[in-house]
Amino acid sequence: MIKVGIAGARGLSVVDAMKAMPDKVRITAMCDLDEEALSDAGKKIGGEDGAGCPGLYRIYEDMIEKADIDAVVISTPMQCHVPQAITALQAGKHVMCEVTAAVTMDELWWLIENVEKSGKIYMYAENYCYIPECQIVCNMARSGAFGELYYGEGEYTHDCTALRDWHGKPGWRSYWQMGTRGSFYPTHSLGPVMRCFPDDRIVSVASFSPGNHNPYGLRNDDLTQTVCMLESGKLVKIRVDTVSPRPHAMAYYQLQGTKGCYEANRFGGEGMIAVATQSEPDGYTRWKPVSEFVNYLPERFRSGEGAGAGHGGGDYYIVKDFIDAVETGVQPELDVYKAAEWTSVALLSQLSVTNSGRLMEVPRFRRGMSWEEKRITL
Ligand SMILES: NC(=O)c1ccc[n+]([C@@H]2O[C@H](COP(=O)([O-])OP(=O)(O)OC[C@H]3O[C@@H](n4cnc5c(N)ncnc54)[C@H](O)[C@@H]3O)[C@@H](O)[C@H]2O)c1
């Protein structure tokens, strides 16, 4: 039985999935600085009297020291992720961490070094990778249905200007997200696309923006376009836009290969796929809804095991993969190196956009990197 502590009320998105695996995992502690949030969370986890969640803590370090836990789910604001992950790893706890992994390049190195030293599981909770449509498309890509893929695109357009913290004041987002320049929140856009290029990696990024015309005094540009060159020479482009007044489209993607393409639906609803088949006598590809390709949905999603969980069952499987990793001792697919590669795009994009779109080299994140390989140069 794996005992879990949750830090930050957003982590409640894992509660239902964990409750659906009562023989494998139990939430034994919850931590949130905000007493109201903590008390609400305690009730959601442990029932109206909170008795089912034995440990409630305001201070994270108290939870790590005193609670009966093997693992933590870190869902606090981004700037807390690395310090809290390191505290947990050094105390011998496994970690599942929200996006993004870190807010500086140095933090990424500290994180990697601590995961390697501790031998504990670190899973990056990039939940958009688990959206069923992304799973279908990824399986198609990996099985060659689009031919050789050479282009991918991801967009996160989410007008965040009105987001406030629990007490209605401007919160951490004003500083650590919209208070920085560049594609500061890239991994929802990159994750599902990069999974379609499983043997590739991002080797360089260049970021461009149309400037800053927002009336809010935010440091982030109106939007940032980041071009990522892959080791194979192929291309991925992402747009992060949290300021523009437009309806949300947080999971918009495109893929193009030699035999076909995919385009998500910017306006909601399902995306479309066009693949060249012999049954098209004139040789042209035609758009068909993704649901016609449901045979590519991984078997476990079709089994009904995660039915009812958020994001079409995705919230269940992300937790399951973490629990499986802890049980087997094998790092998950979304490990610390993927977390670092995808998060570094945010941090290097900031340097690129502030240096007129300078091409920034992305380190080859892997076990046992030397000090020299961890240098970032303009
Ligand atoms: N994966 C996704 O789809 C998704 C969606 C939204 C947010 N996020 C990520 O989740 C994290 C939290 O975002 P949010 O929207 O819930 O933020 P939020 O500000 O609404 O909530 C953060 C919570 O953490 C608590 N907190 C802050 N500092 C703390 C600390 N040091 N110790 C304990 N508790 C602390 C706050 O009191 C608050 O309850 C962020 O990293 C964000 O990037 C991910």
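The paragraphs below go through the domains, their contact, the ligand shell and the sheet of a predicted model. Local features are given only where pLDDT is at least 70 and side-chain atom pairs only at pLDDT 80 or more, while totals for chains, interfaces and linings use all residues. Residues are numbered from 1 along each chain as its sequence is written.

The protein chain falls into domain 1 (2-126) and domain 2 (127-298 + 333-378), with bounds taken from an automatic or database domain assignment. Their C-alpha centres are 26 Å apart. Across the boundary, 24 residues of domain 1 are in contact with 23 residues of domain 2; contact means that C-beta atoms, placed from the backbone, lie within 7 Å. On the domain 1 side, two or more residues each come from α2 (35-46), α4 (78-90), α5 (105-118) and β6 (122-124). Helices (H or I, at least four residues) and strands (E, at least two) are DSSP runs numbered from the N terminus. The largest share of this side, seven residues, belongs to α5. By class, the side has 17 nonpolar, three polar and four charged residues; Ala, Val, Leu, Ile, Met, Phe, Trp, Tyr, Cys and Pro count as nonpolar, Asp, Glu, Lys and Arg as charged, and the others, Gly among them, as polar.

Helix α5 also packs with helix α11 (residues 336-353): their axes come within 10 Å and cross at roughly 175°. Axes are lines fitted to C-alpha atoms, for helices over the stretch in contact, and angles run from 0 to 180 degrees between N-to-C directions. The two helices are therefore roughly antiparallel, the term for angles over 145 degrees. Residues making the contact include Leu-108 and Ile-112 of α5, and Ala-340 and Leu-347 of α11. Eight residues of this contact are nonpolar, two are polar and none is charged.

The ligand is surrounded by 21 residues, the closest being Gly-8, Ala-9, Arg-10, Asp-34 and Glu-98; a residue is near if its C-beta atom, placed from the backbone, lies within 6 Å. Both domain 1 and domain 2 supply at least three residues to the shell, which has eleven nonpolar, five polar and five charged residues.

An open, mixed sheet of nine strands has the order β14-β13-β12-β11-β7-β10-β9-β8-β15, where pairing requires at least two DSSP bridges. Strands β14 (288-289) and β15 (360-361) are at the edges with a single partner strand each, so one side of each has no neighbour in the sheet. Strands β8 (residues 202-208) and β9 (residues 224-230) pair in the antiparallel sense over six bridges, and Ile-202 has Leu-230 of β9 as its bridge partner. Helix α8 (residues 187-194) lies across β7 (149-157), β10 (235-241) and β11 (249-257), at about 155° to β7.

Terms used. Two residues are in contact if their C-beta atoms, placed from the backbone, lie within 7 Å. Angles under 35 degrees count as roughly parallel, over 145 as roughly antiparallel, 65 to 115 as roughly perpendicular and the rest as oblique.
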